[in-house]
Amino acid sequence: MTTPEPIVSVRGLRKRFGDNEVLKGIDLDVRPGEVVVVMGPSGSGKTTLIRCLNLLEEPDTGTVSMCGNQVDCGGRGRSRAAQVREIRRRSAMVFQQFNLFPHLTALQNVMEGPISVRGLRRTEADGLGRRLLALVGLDEKCDCYPATLSGGQKQRVAIARALAMEPQVILFDEPTSALDPELHAEVLQVIRDLAGNGMTMVIVTHETAFARDVADRVVFMDGGNVIEEAPPQRFFTAPAHPRVQAFLRLVG
Ligand code: ADP
């Protein structure tokens, strides 16, 4: 069987903030249907990497390709704006802090992108929003405002909102780290279900049990570099790099 072409491919990504070089030349491929979990110590560049994948953060150099749209970072090609737009349109991001619109209900939050970006009619977006809120177990919360929802419910609305854009890739930036521990499971279960349905995902997380369970591959970052990349069975039982061994001893 031939390996499918990557849906996301980055080469030589570098990013600095002032004197701080945060990404030091990252190469990464993600294949259709693959779940890649990014782990590593705090400050190692995980969030910056995931934000660079959909160009929310502009890398200084390197290339980002998604679904056949390639952007040479640091350059000014004529077709560049269109490529960036395509990459953003084909990917969705779920943030630590949910980033819901506080003045819109759960349903309106989910409908917003399909109407304003995808051009759906209000009735179509309403139907889609209700279906997706049901999918994440929130059919009874359509008319609730974010302030009245628990953190786990807010994050599930954020996931429904991401799905409403019909993305080919979903990027998760520590989706449970702002939640109380007892609310982690409900969010992780929704992500597990998406993995079971073949959604391509890149997930930054510290949840080792979840990573073992859901990842096809774990990528470990340290000091702006990917220092280990392995299927979870190997990553968690026989990591090659001493830094990964030390990290895993620490997080248990
Ligand atoms: P991680 O997700 O692994 O904790 P981050 O990608 O958030 O790491 O951060 C890596 C480094 O980049 C940190 O030193 C952080 O302070 C710095 N950094 C991240 N974003 C910015 C920014 N917008 N401006 C300045 N420094 C930043």
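Helices, H or I over at least four residues, and strands, E over at least two, are DSSP runs numbered from the N terminus.) The model is predicted: local features need pLDDT of at least 70, side-chain atom pairs count only at pLDDT 80 or more, and totals for chains, interfaces and linings use all residues. Residue numbers start from 1 along each chain as its sequence is written.

Which residues of α6 are buried? They are H184, V187, L188, V190, I191 and L194. (Buried means 20 or more other C-beta atoms within 10 Å of the residue's own, exposed means 12 or fewer, and partly exposed lies in between; C-beta atoms are placed from the backbone.) These residues sit on the same side of α6, because they cover an arc of only 155 degrees around the axis. (The arc is taken from the directions that run from the helix axis to the C-beta atoms.) What do they pack against? Their partners are α5 (151-163), β7, β8 (200-204) and α7 (208-214). Just after α6 comes G198, with a positive phi of about 85 degrees.

Now follow β7 and β8 into the sheet. The sheet is open and has 6 strands, in the order β6-β7-β8-β3-β9-β10, with mixed pairing. (Two strands pair if DSSP finds at least two bridges between them.) β6 (91-94) and β10 (225-230) stand at the edges; each has a single partner strand, so one side of each lacks a neighbour in the sheet. From one strand to the next, the twist averages 20 degrees. (Axes are lines fitted to C-alpha atoms, and angles run from 0 to 180 degrees between N-to-C directions.)

β6 runs parallel to β7 (residues 169-173), and 4 bridges join them. S91 has V169 as its bridge partner in β7, and M93 has L171. Both faces of β6 are covered. S91 and M93 are buried on one side, A92 and V94 on the other. Beyond this strand, in the loop between β6 and α3 (106-116), lies F98. F98 is not a glycine, yet has a positive phi of about 65 degrees. F98 counts as buried, with 21 C-beta neighbours inside 10 Å.

Next, β8. I203 lies in this strand. I203 is buried, with 26 other C-beta atoms within 10 Å. Leaving aside neighbours within four places in sequence, I203 is in contact with V35, V37, V38, F172 and I191. (Contact means C-beta atoms, placed from the backbone, within 7 Å.) I191 is one of the buried residues of α6. I203 and I50 are 153 residues apart along the chain, but their C-alpha atoms are separated by 8.3 Å.

Turn to the start of the chain. Strand β1 (residues 8-17) pairs with β2 in the antiparallel sense over 8 bridges. F17 stands opposite N20 in β2. The hairpin of β1 and β2 has 2 residues between the strands, and G18 takes a positive phi near 60 degrees. β1 also runs antiparallel to β4 (residues 61-66), joined by 5 bridges. V10 has V64 as its bridge partner in β4.

R14 lies in β1. R14 counts as partly exposed, with 18 C-beta neighbours inside 10 Å. Beyond four places in sequence, its contacts are L23, K24, G25, P59, D60, T61 and G62. R14 and C73 are 59 residues apart in sequence and 9.2 Å apart in space, C-alpha to C-alpha.

Where does the ligand fit in? The residues around it are F17, N20, V22, G40, S42, G43, S44, G45, K46, T47 and T48. β2 (20-30) and α1 (46-53) each supply at least two shell residues. The largest share, 3 residues, comes from α1.

In the loop between α1 and β4 sits L55. L55 has a positive phi of about 65 degrees, although it is not a glycine. L55 is partly exposed, with 19 other C-beta atoms within 10 Å.

Note on methods
Arc of directions from axis to C-beta. Contact = placed C-beta atoms within 7 Å. Near = placed C-beta within 6 Å.
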